[in-house]
Amino acid sequence: MVQDDRQLKIREMEEGEEFSAWLRELSESSESEGAVPEYAEEKHLVLTDEIGDWIGGLRWSLRGGVAEVVEVAVIPRERHQGHAHRLLAAFEERAREQGALLLELWTDHGNEEGLLEALGWHRALRREGYIGGRTWYLLEKRLG
């Protein structure tokens with residue numbers, strides 16, 4: 001074991017720091033055995049009104065042909081008008097254009113499952129007592 005007399009510290013990164021780019025560059029430069037790692041590329045979609053005000057958004061990542069919804073949100077006064085489903089449709093279109101073969105979405109809204117199934121999604125996993133002690137569902141959609 002190597003002894004290190006330096007005072008090292010681990011901390012969480014603050015917004016605006018460019019650590020992600022630095023870490024990715026460092027990882028790419030230290031690849032072993034010629035393997036090319038697949039990094040999750042984070043992307044954002046924003047839904048705006050006619051004057052450009054933000055109504056909602058969707059954050060997603062793409063890695064190795066799998067596009068995953070990280071989060072989707074709509075401001076309270078605009079909910080229940082289909083905006084989240086519009087964002088999901090745009091996500092599917094962008095993911096398909098960028099070569100995704102599979103879409104994934106974790107949700108704790110079990111009542112949405114029927115509508116999402118009608119749109120081609122299916123439940124891959126049900127996890128009881130997951131985040132926040134609630135039941136969560138992993139939904140998937142294969143792109144052909």
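These legends accompany several close-up views of the structure above.

The model is predicted, so local features need pLDDT of at least 70 and side-chain atom pairs count only at pLDDT 80 or more, while totals for chains, interfaces and linings use all residues. Residues are numbered from 1 along each chain as its sequence is written, and side-chain values use heavy atoms, with hydrogens and water left out.

**View 1. Glu42, Arg59 and Glu71 are linked in a network of salt bridges.**
A salt bridge here is a side-chain nitrogen of Lys or Arg within 4 Å of a carboxyl oxygen of Asp or Glu. Look for the contact between Glu42 and Arg59, with N to O at 3.0 Å. Glu42 lies in strand β1 (residues 41-48) and Arg59 in strand β2 (residues 54-63), so this pair ties together parts that are 17 residues apart in sequence. Helices (H or I, at least four residues) and strands (E, at least two) are DSSP runs, numbered from the N terminus. Arg59 also forms a salt bridge with Glu71, where the closest N and O atoms are 2.9 Å apart. Because Glu71 sits in strand β3 (residues 66-74) and Arg59 in β2, this second pair joins parts 12 residues apart in sequence. Relative accessible area is 46% for Glu42, 24% for Arg59 and 44% for Glu71. Each of these values counts as partly exposed, as buried means under 20%, exposed over 50%, and partly exposed in between (1.4 Å probe, protein chains only).

Glu92 is buried, at 15% relative accessible area, whereas Arg96 is partly exposed, at 40%.

**View 2. The largest nonpolar core has 22 residues.**
A nonpolar core is a set of buried Ala, Val, Leu, Ile, Met, Phe, Trp, Tyr and Cys residues joined through side-chain atoms within 4.5 Å. Leu58, Trp60, Ala67 and Phe91 have the most contacts inside this core. At least two core residues come from each of β1, β2, β3, α2, β4 (102-107) and β6 (136-142). Helix α2 gives the most, with five residues. In soluble globular proteins, nonpolar side chains tend to be buried together.

**View 3. Leu58 and Val69 touch each other.**
Contact means heavy atoms within 4.5 Å. Not counting residues up to four places away in sequence, Leu58 touches Lys43, His44, Leu45, Val69, Glu71, Val72, Leu87, Leu88 and Phe91. Val69 lies in strand β3 and is buried, at 4% relative accessibility. With the neighbours within four places in sequence left aside, contacts of Val69 include Trp60, Glu104 and Leu105. The C-alpha atoms of Val69 and Thr107 are separated by 9.7 Å, although these residues are 38 apart along the chain.

**View 4. Ser61 and Ile55 are buried residues of strand β2.**
Ser61 has 11% relative accessibility. Beyond residues up to four places away in sequence, Ser61 touches Ala40, Glu41, Glu42, Val66, Ala67, Glu68 and Val70. The relative accessible area of Ile55 is 9%. Not counting residues up to four places away in sequence, Ile55 touches Leu47, Thr48, Asp49, Val74, Ile75, Glu78 and His83. Arg79 is 24 residues from Ile55 along the chain, and their C-alpha atoms are separated by 9.2 Å.

**View 5. The largest pocket has a volume of about 850 Å³.**
On a 1 Å grid over the protein atoms alone, a pocket is an open set of points where a 1.4 Å probe fits, with protein on both sides within 12 Å along at least five of seven lines; lining residues have an atom within 4 Å of a point. Grid points are joined across faces, edges and corners, and the volume is the space filled by probe spheres set on the points. Of the 27 lining residues, Val72, Ala84, Thr107, His109 and Glu112 are the closest to the centre. The elements giving two or more residues to the lining are β3, α2 and β4, and β3 gives the most, with seven. By class, the lining has 13 nonpolar, eight polar and six charged residues. Ala, Val, Leu, Ile, Met, Phe, Trp, Tyr, Cys and Pro count as nonpolar, Asp, Glu, Lys and Arg as charged, and the others, Gly among them, as polar.
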